[in-house]
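Please keep the sequence and the coordinates open while reading.

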Amino acid sequence: MFDPSSHLLLTGGTGFFGVALLRHLKTWGRRAPRVTVLSRNPERFQVLYPDLARSVDWVCGDVLEPKSLPYLKRFSHVLHAATDSTAGPQLTPLERYTQIVEGTRNVLELACSVGASRFLLTSSGGVYGTQPSWMDKIQEDYLGMPDPLNAVHVYGVAKRTAEHLCVLYQQRSGLETVIARCFAFVGDDLPLNVHFAIGNFIRDALSGQDVVVSGNGLSIRSYMYQEDLAHWLLTLLFQGRAGHAYNVGSDEAISIGELAHLIRDLISPNLSVQVRGAMDPWNGRHVYVPCIDKARNELGLTLRHDLAQSIRKTVLGLRTRLISSDQRQPEN
């Protein structure tokens, strides 16, 4: 399935997706393709993740600066994951749109110029817009989309535009483009202090604080473990049907309130769960769960970790790295 002679260019290799991919590729040993990572700050990553950094080649560059991109190298595959969802709140809507759309176009131009045959875009389930309340799981052929007249929806609208760019470049140049519509994830590389509810809950429980749900806890989500995420993305890159989109995530639905209690039970059963939003069943029940039958049926992809296993592995990884970090601290 994977050709060890391949040369993969990975953009966004220092974000959550990138770290998950590099960890997964490292387990392949000699079967892994050659990997080059494009990053604006390779030195910072090399300090934080020295073992991962040593296993790949590096190019210092920015997807928004075409002159900084590695046009003099040759790549067989490109995996574009350079849009960092954790940085979204720090950008204006126009900056975020530019980052996603212009960044994708620049990397597509690069892929065509350096001889790549395959291109994977990490898109988002946000391209569907609000999931209808009657729809338990959203399929790839659902043609809903975010309201383009509302700046709040810039992320989903920009991702939808980036997907269309992929199809246009495929039509023009023959570059085989595949879309990964990514949903929600968990893993020990997920930031715990940003806007991800599952990371916040794990942080609370590990610190011995009560687990706090800021909303009403009624919204429905699902979470894929980062190891499964990496395996699915690489499978889509090498085997996904060109010109097609695939949902990437778990179809194991759970309410945010139930998630908070599950994390409390698995990590610190003596803690309390505080739900601070009004418990109005008609206000705030937002569903965001993918149907993943297409990836299952076409590519044989499965979820190797259920939610409880994913949380346990996340906590184990976090604790192991905390111990390792403490052991590396110099004595005073």
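A residue counts as buried when its relative accessible area is under 20%, as exposed over 50%, and as partly exposed in between. The model is predicted. I220 shows how the cut-off is applied: its relative accessibility is 14%, so I220 counts as buried. This residue belongs to strand β9, residues 220-221. Its C-alpha atom is separated by 35 Å from that of L64, a residue 156 positions away along the chain.

The sheet comes next. How many strands form the open sheet, and in what order? Seven strands form it, in the order β3-β2-β1-β4-β5-β6-β11, with parallel pairing. At the edges are β3 (57-60) and β11 (245-248), each of which pairs on one side only. From one strand to the next the twist averages 20°.

Individual pairings can be followed through the sheet. Strand β1, residues 7-11, pairs with strand β2, residues 34-39, in the parallel sense over five bridges. There, T11 stands opposite L38 in β2. β4 and β5 also run parallel and are joined by four bridges, with H80 standing opposite L121 in β5. Between β5 and β6, again parallel, there are seven bridges; the bridge partner of T122 is A180 in β6.

With seven of its seven residues buried, β5 is mostly covered.

Helices lie against this sheet. Helix α1 (residues 16-26) lies across β1, β2, β4 (77-80), β5 (118-124) and β6 (176-182), and runs at about 150° to β1. Helix α4, residues 93-113, packs on the sheet as well, touching β1, β4, β5 and β6. The direction of α4 makes about 175° with that of β4.

α1 also packs against another helix. Two packed helices are described by the angle between their axes and the distance between the axes. For α1 and helix α7 (residues 226-239), the angle is about 80° and the axes are 8 Å apart. Angles of 65 to 115 degrees count as roughly perpendicular, and α1 and α7 are therefore roughly perpendicular to each other. On the α1 side the contact consists of F16, F17, A20, L21, R23, H24 and L25, which meet Q226, E227, L229, A230, H231, L233 and L234 in α7. By type, the residues of this contact divide into nine nonpolar, three polar and two charged.

α7 itself has 14 residues and reaches 20 Å from its first C-alpha to its last, close to the 20 Å expected at 1.5 Å a residue. Why is α7 described as largely enclosed by the rest of the structure? The reason is that 12 of its 14 residues are buried. Among them are W232, T235, L236, L237 and F238. The buried set also includes L229, A230 and L233, which take part in the contact with α1.

Helix α6 (residues 197-207) has buried residues too, namely I198, G199, N200, F201, I202, D204 and A205. Just after α6 comes G208, with a positive phi of about 80°.

Conventions:
Residues numbered from 1 in each chain as written. Predicted model: local features only at pLDDT ≥ 70, side-chain atom pairs only at ≥ 80, totals over all residues. Heavy atoms only, no water. Pairing = 2+ DSSP bridges. Helix = DSSP H or I, 4+ residues; strand = E, 2+ residues; numbered from the N terminus. Axes fitted to C-alpha atoms, helices over the stretch in contact; angles between N-to-C directions. Contact = heavy atoms within 4.5 Å. Parallel < 35°, antiparallel > 145°, perpendicular 65-115°, else oblique. Nonpolar A, V, L, I, M, F, W, Y, C, P; charged D, E, K, R; others polar. Expected span 1.5 Å × (residues − 1). Buried < 20%, exposed > 50% of the residue type's maximum accessible area, 1.4 Å probe, protein only.
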